[in-house]
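Reader: I'm new to this one. Could you walk me through how to read it?

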Amino acid sequence: MKKLKKVNYAACWPYLAVVLFAAYLAYRQMRTGNIIIGSDTIFHFNRFYETEEQIRNGNLSWFMTLYGFNQSGRVINAFYGPAFAYLNGLLLLAVGTWYRYQIITSFLVFAVGGVGMYRAVHRFKVRGSIAVLVTIIYMTIGWLPRWQSGSNFTGIGAALMPYGILVACDMFYDKEKPIHWIKLTILMTVALECHLLTALMYMAFLVPAWLYAIIKRENKRGILLNTLKAVLLNHLLDGQHPLASVLDVQDQ
């Protein structure tokens, strides 16, 4: 009971507000009872149908398509990220229908992106209510809603982008430890597996932030060591990244 009394409700309400708003955005589709077919829906649904059927039948092949894309054998998921495709296939298998899959994934994309944006805005000492307002605006305009409206992977990238901003903020403002190597590793591994364009965008603003840290901070050896740890661990976790898959295709 004493631990429950120590909960900082003032710090929790913005996160609750963001999650509830994400649920409301997903609920708008629930009211229709229909799936939404957008510009990229058929393509990505083929990808996830492929992995769902592979899991269902115990016939796994991360490199070529056996069920989706008219059983054409095209190399799709190997390029776009097999682990993330299998995760979506497992979710599809668990929920059973495309309608439920769309509702759940739309909620998750809105919630993950919203929480990340709130944390990024709050990092700049913005008042909680203003940070929530900025987050709600972010969740309703631009790229983030495109996952719900068109199964467009720029929505996934928009959900991940605020977390890259948080890592860049560490490089700029954390004088003691600018490079949090575990956080950096997770960030780049997830980005490379989910959305290659997002990973490239991360590099575009993380490299200048890293250069700032290496120039301004005294512990240059620690920065270099933590960066090396992140690079090596990322290579171990994501050895079969999309670029490697392309090279495999070219070799064959």
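**Reading the side chains**

Author: Buried means under 20% relative accessible area, exposed over 50%, and partly exposed is in between (1.4 Å probe, protein chains only). Keep in mind that this is a predicted model: local features need pLDDT of at least 70, side-chain atom pairs count only at pLDDT 80 or more, and totals for chains, interfaces and linings use all residues. Residues are numbered from 1 along each chain as its sequence is written, and side-chain values use heavy atoms, with hydrogens and water left out.

Reader: How many aromatic pairs does the structure hold?

Author: First the idea: a pair of aromatic rings is described by the distance of the centres and the angle of the planes. Here, rings of Phe, Tyr and Trp (its six-membered ring) pair if their centres lie within 6.5 Å; planes under 30 degrees apart count as stacked, over 60 as edge-to-face and the rest as tilted. The structure holds 17 such pairs. One of them is W62 with F63, edge-to-face at 5.6 Å centre to centre and 85° between the planes. W62 is partly exposed, at 34% relative accessibility. Another edge-to-face pair is F124 with Y173, with 6.2 Å between centres and 90° between planes. That pair links distant parts of the chain, 49 residues apart: F124 sits in the loop between α6 (98-122) and α7 (128-140), while Y173 is in helix α9 (residues 154-173). Helices here are DSSP runs (H or I, at least four residues), numbered from the N terminus. Y173 counts as exposed because its relative accessibility is 53%.

Reader: Which rings are linked into a cluster?

Author: Ring pairs join F45, F48, F84, W98, Y101, W147 and F153.

Reader: What about charges: how many salt bridges does a search of the whole structure find?

Author: In general, side chains of opposite charge can pair when their charged atoms come close. The cut-off is a side-chain nitrogen of Lys or Arg within 4 Å of a carboxyl oxygen of Asp or Glu. The search finds four. R56 bridges to E52, with the closest N and O atoms 2.2 Å apart, and R56 also meets E53 at 3.2 Å, N to O. So E52, E53 and R56 are linked in a network of salt bridges.

Reader: Why are R56 and E52 separated by about one helical turn?

Author: Because they are four residues apart in helix α3 (residues 41-57). R56 and E53 are three residues apart in helix α3, also about one turn. E52 is buried at 4% relative accessibility, and E53 is buried at 13%.

Reader: Which salt bridge involves D170?

Author: D170 meets K183 at 3.1 Å, N to O. This pair links distant parts of the chain, with D170 in helix α9 and K183 in helix α10 (residues 181-194), 13 residues apart. Is each end buried or exposed? D170 is buried at 4% relative accessibility, whereas K183 is partly exposed at 38%.

Reader: And disulfides: what does the count come to?

Author: A disulfide is a covalent bond between the sulfur atoms of two cysteines. The rule asks for a pair of cysteine sulfur atoms within 2.5 Å, and the count comes to zero. As for individual cysteines, C12 is partly exposed, with a relative accessible area of 38%, and C194 is buried at 10% relative accessibility.

How values were computed
Helix = DSSP H or I, 4+ residues; strand = E, 2+ residues; numbered from the N terminus.
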